[in-house]
Amino acid sequence: MGVSLYVTRALYLLRGLVTARFLGPSDYGVWGTLGILLNYSNLAPLGSAEAVSREVPFHTERGDPARARGGVEQSFSFNLYAALLATVAILAYAHLRRPSMEPIFFIGLHVAAAGITLQQLYFVYLIVLRA
């Protein structure tokens, strides 16, 4: 396991160097900013999806499938609303700051906003299927 960790880190370093060389300083900064935005967007649901993996088996074992289903529905709704709130905030920022923003960053914010919603949907479905 130790060797694979070092190989993975070396490949990430190589990927970063190639990406930086390919994009240039300005576009690489945009790429990094969008990556940070996507990583922080994982915190928007505040752990509600992870609660499903604990609550669903608990209520299922107790013989209460209605509460288990309710927990899944609540978690799905909360994650979706949190993702949509983050998406709306990003799009609002993009359109308010558009005159002073580079076009590539404006487009990138739109792609990131769509990615946030899709990423959260995928994450919720993955957690529900595991539970």
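In this predicted model, His 59 is placed in helix α3, which covers residues 48-61. The relative accessible area of His 59 is 7%, and the residue is therefore buried, since the limit for that class is under 20%. Leaving aside neighbours within four places in sequence, the contacts of His 59 are Asp 64, Pro 65, Arg 67 and Ala 68.

Helix α4, residues 65-96, contains Phe 78. With a relative accessibility of 38%, Phe 78 counts as partly exposed. Residues up to four places away in sequence not being counted, Phe 78 touches Ala 44, Pro 45, Leu 46 and Ser 48. Between Phe 78 and Tyr 6 the separation is 72 residues in sequence, and their C-alpha atoms stand 38 Å apart in space.

Aromatic side chains are considered next. The count of aromatic pairs comes to 1. This pair is formed by Phe 76 and Tyr 125, with 5.7 Å from centre to centre and 45° between the planes, and it is classed as tilted. The angle leads to that class because planes under 30 degrees apart would count as stacked and those over 60 as edge-to-face. Phe 76 belongs to helix α4 and Tyr 125 to helix α5, so the pair ties together parts that are 49 residues apart in sequence. Phe 76 is partly exposed, at 26% relative accessibility, and Tyr 125 is also partly exposed, at 47%.

The relative accessibility of the residues discussed so far is collected below.

| Residue | Relative accessibility | Class |
|---|---|---|
| His 59 | 7% | buried |
| Phe 76 | 26% | partly exposed |
| Phe 78 | 38% | partly exposed |
| Tyr 125 | 47% | partly exposed |

A charged side chain is also placed over an aromatic ring: Arg 98 lies over the face of Phe 106, at 4.2 Å from the ring centre.

The remaining topic is the largest pocket, whose volume is about 180 Å³. The residues lining the largest pocket are Leu 23, Asp 27, Val 30, Trp 31, Leu 34, Ile 104 and Gly 108. Helices α2 (25-41) and α5 (103-130) each supply at least two residues of this lining, and α2 gives the most, with 4 residues. By class, the lining of the largest pocket comprises 5 nonpolar, 1 polar and 1 charged residues.

Definitions and conventions. Residues numbered from 1 in each chain as written. Predicted model: local features only at pLDDT ≥ 70, side-chain atom pairs only at ≥ 80, totals over all residues. Heavy atoms only, no water. 1 Å grid on protein atoms, 1.4 Å probe; cavity = no way out; pocket = protein on both sides within 12 Å on 5 of 7 lines; lining within 4 Å. Points joined across faces, edges and corners; volume = space filled by probe spheres on them. Nonpolar A, V, L, I, M, F, W, Y, C, P; charged D, E, K, R; others polar. Buried < 20%, exposed > 50% of the residue type's maximum accessible area, 1.4 Å probe, protein only. Contact = heavy atoms within 4.5 Å. Phe/Tyr/Trp six-rings, centres within 6.5 Å; stacked < 30°, edge-to-face > 60°. Lys NZ or Arg CZ within 6 Å of the ring centre and 35° of its normal.
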